[in-house]
Amino acid sequence: MCTVIVSVDPEASAPVLLAGVRDEIVSRPWMSPARHWPDHPGLIGGRDLEAGGTWLATHPAVPRVAALLNGRGVPAPAAARRSRGELPLLAAETGELPPVELDRYDPFHLLVGGLDGVRLWSWDGDGLTEDKLPPGLHMVVNSGWERGDGNPRASWFLPRFAAEARPRWREDCSPARFWGEWLRLTSQAALPGDDPRALLVRHMLPDGRVFASLSVTLVALAERGMRYDFCPLPDDLSSWHQVETG
């Protein structure tokens with residue numbers, strides 16, 4: 001996960017809305033969201049087939065969502081390194097930062113949202129910070145929670161999300177009807193993939209591999225439950241579908 005957009009409004013019909021874009025090496029294998037983990041039977045998320053974890057996990061029964069972004073800083077020693085993909089699973093189960101040995105993980109940002117609010121833990125390989133996101137619209141990227149105008153992506157997209165009607169809770173409707181303009185903003189490449197403002201990215205790396213936005217997730221948390229929609233082909237709006245959470 002390389003970009004997460006979160007809207008927090010405690011008085012809304014869906015107090016927490018999350019949009020997540022996953023960027024990864026195109027050749028890295030993965031599976032679409034499902035109940036992939038026997039050790040975590042209540043959780044749903046996409047599965048990274050290389051390390052076995054996930055970039056985003058949901059716990060529909062609570063409801064709760066946990067999303068992971070790679071951070072910047074000091075990497076963990078190779079001999080002791082653990083996959084960061086296990087962290088969203090552990091966090092979605094408990095709603096807390098897992099009690100792990102942080103120095104065994106490369107830098108990360110771990111965001112956990114529930115009806116009690118949204119918290120963000122950031123580990124840079126040297127120190128840990130914790131923030132509770134206030135009501136409003138927020139963006140988290142690889143550099144962390146962007147609160148100013150210094151990040152081109154946040155500066156471009158946050159005003160555009162804010163200008164659109166905030167999605168409200170609806171029963172039995174399509175992704176397009178539930179999310180409105182949020183669906184278009186998260187899954188249409190309005191900017192070239194190599195533009196620093198782009199939400200959907202695509203880069204050729206020096207070794208010839210392609211790094212790109214592989215999927216988009218939209219999650220709404222409400223007293224009445226969880227809405228979970230997924231797009232496995234960000235350049236194809238017809239690939240949006242609702243994930244079964246019952």
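Which residue is the bridge partner of Asp23 in β13? In this predicted model, where residues are numbered from 1 along each chain as its sequence is written, local features need pLDDT of at least 70 and side-chain atom pairs count only at pLDDT 80 or more. Totals for chains, interfaces and linings use all residues, and side-chain values use heavy atoms, with hydrogens and water left out.

The bridge partner of Asp23 is Ser213 in β13. Strands are DSSP runs (E, at least two residues) and helices likewise (H or I, at least four), numbered from the N terminus; two strands pair if DSSP finds at least two bridges between them. Strand β2 (residues 16–25) is joined to strand β13 (residues 210–222) by 10 bridges in the antiparallel sense. Strand β1 (residues 3–8) also runs antiparallel to β2, with 6 bridges, and Val4 stands opposite Gly20 in β2. Because 10 of the 10 residues of β2 are buried, this strand is largely enclosed by the rest of the structure (buried, under 20% relative accessible area with a 1.4 Å probe, protein chains only).

An open sheet is formed by 7 strands in the order β3-β4-β5-β6-β7-β8-β9, with antiparallel pairing. Its edge strands, β3 (30–34) and β9 (128–132), each pair on one side only. Within the sheet, β4 (residues 44–48) pairs with β5 (residues 56–59) over 2 bridges, and Gly45 stands opposite Ala57 in β5. Helix α1 (residues 87–94) lies across β5, β6 (64–70) and β7 (108–114), and runs at about 155 degrees to β6; axes are lines fitted to C-alpha atoms, for helices over the stretch in contact (heavy atoms within 4.5 Å), and angles run from 0 to 180 degrees between N-to-C directions.

Methods: Buried < 20%, exposed > 50% of the residue type's maximum accessible area, 1.4 Å probe, protein only.
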